[in-house]
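I set out to record what was looked up in this structure, entry by entry. Cut-offs are given where a term is used.

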Amino acid sequence: MVGRIVGLHGTDGAVRIRVESDDPQRFVPPARFRTELPGAPLLVLRGIRNRSGHPIAEFAGITSVEQAERLVGADLLIDEADRRALESGEYWPDQLIGLEVRVGSSTVGVVNDLIEAPQDRLLVRCHDGSEAEIPFVEPLVPEVDVTGGWLRLDPPEGLLGSW
């Protein structure tokens, strides 16, 4: 996800967006974004401007409030091939979500979400039905195998409940 449509702006189909990308060229027309919306699988950026510090985007074919309303809440996605190369130890959130969580040789749950903040945290749904927020730091998450579909935790006692 490189951005999200967060609201309407005016009556001509323009929308307010929250930019999540660190690439300033990502929102230069005619940038193309996928969404998971059934009625708008591809959006082509026609123009962008700043209004009171908030980016306002116009997309090709979106010319009315009614059309724009259907886009509010949509994530703006790009193809994996268009992502920047990651440094060792860096991961995209969608690469982590769904990974099997292991402690030692036991599988204890699944990564349900990544809470992005100054201290990123993995939201783990444990097999016993509980959830745990695990700081995504190397001492607690010493091994991540995206290709293999798992990560290993080294949690202190009590962090995961009764795994």
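**Entry 1: Ser-64**

I looked up Ser-64 and noted that this residue is buried, with a relative accessible area of 18%; buried means under 20% relative accessible area, exposed over 50%, and partly exposed in between, with a 1.4 Å probe and protein chains only. The model is a predicted one, in which local features need pLDDT of at least 70 and side-chain atom pairs count only at pLDDT 80 or more, while totals for chains, interfaces and linings use all residues. Residues are numbered from 1 along each chain as its sequence is written, and side-chain values use heavy atoms, with hydrogens and water left out.

I placed Ser-64 in the loop between strand E5 (54–59) and helix H1 (65–69). Helices (H or I, at least four residues) and strands (E, at least two) are DSSP runs, numbered from the N terminus. A polar atom of the Ser-64 side chain lies 3.1 Å from the backbone nitrogen of Gln-67. Leaving aside residues up to four places away in sequence, I found that Ser-64 touches Thr-11, Asp-12 and Gly-13, where contact means heavy atoms within 4.5 Å.

**Entry 2: the chain as a whole**

I listed two helices and 12 strands in the chain. Along the sequence they follow the pattern β-β-β-β-β-α-β-α-β-β-β-β-β-β. The radius of gyration is 19 Å, whereas a compact globule of 163 residues would have one near 15 Å; the value is taken over C-alpha atoms, and the globule rule is 2.2 Å times the number of residues to the power 0.38. Along the principal axes, the C-alpha atoms fill a box of roughly 55 × 30 × 30 Å. Of the 163 residues, 32% are buried. Among contacts with a separation of 6 or more, 42% join residues 24 or more positions apart.

**Entry 3: the six-stranded sheet**

I traced an open sheet of six strands in the order E10-E9-E8-E7-E12-E11, with mixed pairing; two strands pair if DSSP finds at least two bridges between them. Strands E10 (131–135) and E11 (143–145) stand at the edges with a single partner strand each, so one side of each is left without a neighbour in the sheet. From one strand to the next, the twist averages 35°. For such angles, axes are lines fitted to C-alpha atoms, and angles run from 0 to 180 degrees between N-to-C directions.

Strand E8 (residues 106–115) pairs with E9 in the antiparallel sense over six bridges, and Gly-109 stands opposite Cys-126 in E9. I noted Leu-123 opposite Glu-133 in E10, and Ile-134 in E10 as the bridge partner of Leu-122. The E9 and E10 hairpin has four residues between its strands, and Gly-129 in the turn has a positive phi of about 95°.

**Entry 4: aromatic rings**

How many aromatic pairs does the structure hold? I recorded three, counting rings of Phe, Tyr and Trp (its six-membered ring) with centres within 6.5 Å; planes under 30 degrees apart count as stacked, over 60 as edge-to-face and the rest as tilted. The Tyr-91 and Phe-136 rings have centres 6.2 Å apart and planes at 55°, so the pair is tilted. Tyr-91 lies in the loop between strand E6 (75–76) and helix H2 (93–96), and Phe-136 in the loop between E10 and E11, so the pair ties together parts that are 45 residues apart in sequence. Tyr-91 counts as partly exposed, at 27% relative accessibility. I also found Phe-27, Phe-33 and Phe-59 in one aromatic cluster.

How values were computed. Polar contact = N/O pair within 3.5 Å; in protein donor to acceptor, adjacent residues only side chain to side chain.
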